[in-house]
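Dear colleague,

I am handing over the structure below, and I would be glad if you could look through it alongside the notes that come after it.

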Amino acid sequence: MKECETNIGNQIKRGSAELAILSVLAEGPLHGYEISKRIERQTQGALRFNLASLYPLLYRMERRGWLKAAWEEPAGGRRRRYYRLEEEGKRRLVPLREEWRQLFQALDSLAGVSHA
Amino acid sequence: MPDWREIARQGLGPLPFEADRENEIILELANHLEDLYSDSVRRGKSEAEALQSALSAAADWDKLRREIEFAAKEEVIMNYRVKTLWLPGACTIVLSSMVLRLLQIPSAPVPRVLWPWWNSTGLVIYWWWLLSLPVIGAIGAYWSRHAGGRLMERAMAVSLPALGMVGLPLLAFPFVLVRDLIHYQRFPLVPMALLLLGWGVVPEAALLVGALPFFRAATSGSHPAATSP
């Protein structure tokens, strides 16, 4: 039972993190730190990433073909690895948003938990 | 300014990736730490507080390393098995099947049947096929080793033809057993044992004889996770 709860918790965390990353990258390419700051800002600090939660997930999403990363060096800046949303990621974002919308609706009708 | 690359490198320890990929990961994490540090300083924190704040984002380096390895693992292992097991294994199966098929054409040398049992059952030996198996085993083991296969992958790649030969009869054995017991009131243990010996044990031994030199040689390849994610 405990393991089951942990798995559900992990899946929800991972699912919400994937949605958050895909959503911010849908607005344009960003490097890892920008991704984490953008998500933190847009969720008013509700979603925060540390290194262990952000980069392994980015690498996993890159491996699945949802994202593409490339090193770039802006004028006067440091060399950075920028992530872009690939077609596969865009395709994945649509059902992911719908799944989470349905989940919040279901929770809302069940327990009065409403999303923003 | 702290040396962020060194902090990231020491925190992660050695990663099981190629050097270029490892350097990329370390540089990316170092950039992130430096951004955290710079942001904190800009917000008015002291350098010591900013350093502490940046390091707290990577408090658990072990977990970070495990997660990075895990993110790469699935695909890497799949590619590794294809290269070191399934491709060499398919090669040994195709070659051994081709030789056996050639020996079954009418003008080919007839197989030698040893220890005939109940008229038609015996230990069937295709000598020329058996003689070809060490060469085929050597090819499979060499291929697997060349692709970076460990002893287990080499042995499996070499053994696939013999496993394929006896796998189907073994699956059918319960049905044969029931049929023989009901219709012939006999227990087909000896025919089954001869079948396993003739098509499993002896060919396997021949394959392994050829593969042996490539089992002994040092692994030329790398660990399954030793490629980039």
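Predicted model: local features only at pLDDT ≥ 70, side-chain atom pairs only at ≥ 80, totals over all residues.

Chain B has seven helices and two strands, and from the N terminus on its elements follow the order α-α-α-α-β-β-α-α-α. Of its 229 residues, 40% are buried. When contacts in chain B between residues at least 6 apart in sequence are considered, 72% of them join residues at least 24 apart.

Helix 1 of chain B, which covers residues 4-12, has Trp4(B), Ala8(B), Gly11(B) and Leu12(B) as its buried residues. These residues lie on the same side of helix 1 of chain B because they cover an arc of only 90° around the axis. The N-terminal end of this helix is capped by Asp3(B), which has a side-chain oxygen 3.3 Å from the backbone nitrogen of Arg5(B), while just after the helix Gly13(B) takes a positive phi of about 75°.

Turning to the interface, 25 residues of chain B are in contact with 20 residues of chain A, and the area buried between the two chains is about 2,100 Å², with carbon and sulfur atoms giving 55% of it. Between chain B and chain A there are four salt bridges, and ten residue pairs are in polar contact, counting pairs with both residues at pLDDT 80 or more. On the side of chain B that touches chain A, the elements that give two or more residues are helix 2 (19-42) and helix 4 (61-102) of chain B, and helix 2 gives the most, with 13 residues. By class, that side of chain B has 13 nonpolar, two polar and ten charged residues.

Which residue of chain A forms a salt bridge with Glu28(B)? The partner is Arg81(A), with the closest N and O atoms 3.8 Å apart, and the pair crosses between chains, from helix 2 of chain B to strand 3 (residues 80-85) of chain A. Both Glu28(B) and Arg81(A) are buried; Glu28(B) counts as buried because its relative accessibility is 4%, under the cut-off of 20%. Leaving aside neighbours within four places in sequence, Glu28(B) is in contact with Tyr55(A), Tyr59(A), Trp71(A) and Tyr83(A) as well as with Arg81(A).

Asp39(B) counts as buried, at 15% relative accessibility, whereas Arg42(B) is exposed, with a relative accessible area of 64%. Salt bridges that share partners also join Arg78(A), Arg80(A), Glu34(B) and Asp35(B) into one network.

With best wishes

Terms used: Residues numbered from 1 in each chain as written. Chains lettered and ligands numbered in written order. Heavy atoms only, no water. Contact = heavy atoms within 4.5 Å. Buried area = accessible area lost by both parts, 1.4 Å probe. Salt bridge = Lys/Arg side-chain N within 4 Å of Asp/Glu carboxyl O. Polar contact = N/O pair within 3.5 Å; in protein donor to acceptor, adjacent residues only side chain to side chain. Helix = DSSP H or I, 4+ residues; strand = E, 2+ residues; numbered from the N terminus. Nonpolar A, V, L, I, M, F, W, Y, C, P; charged D, E, K, R; others polar. Buried < 20%, exposed > 50% of the residue type's maximum accessible area, 1.4 Å probe, protein only. Arc of directions from axis to C-beta.
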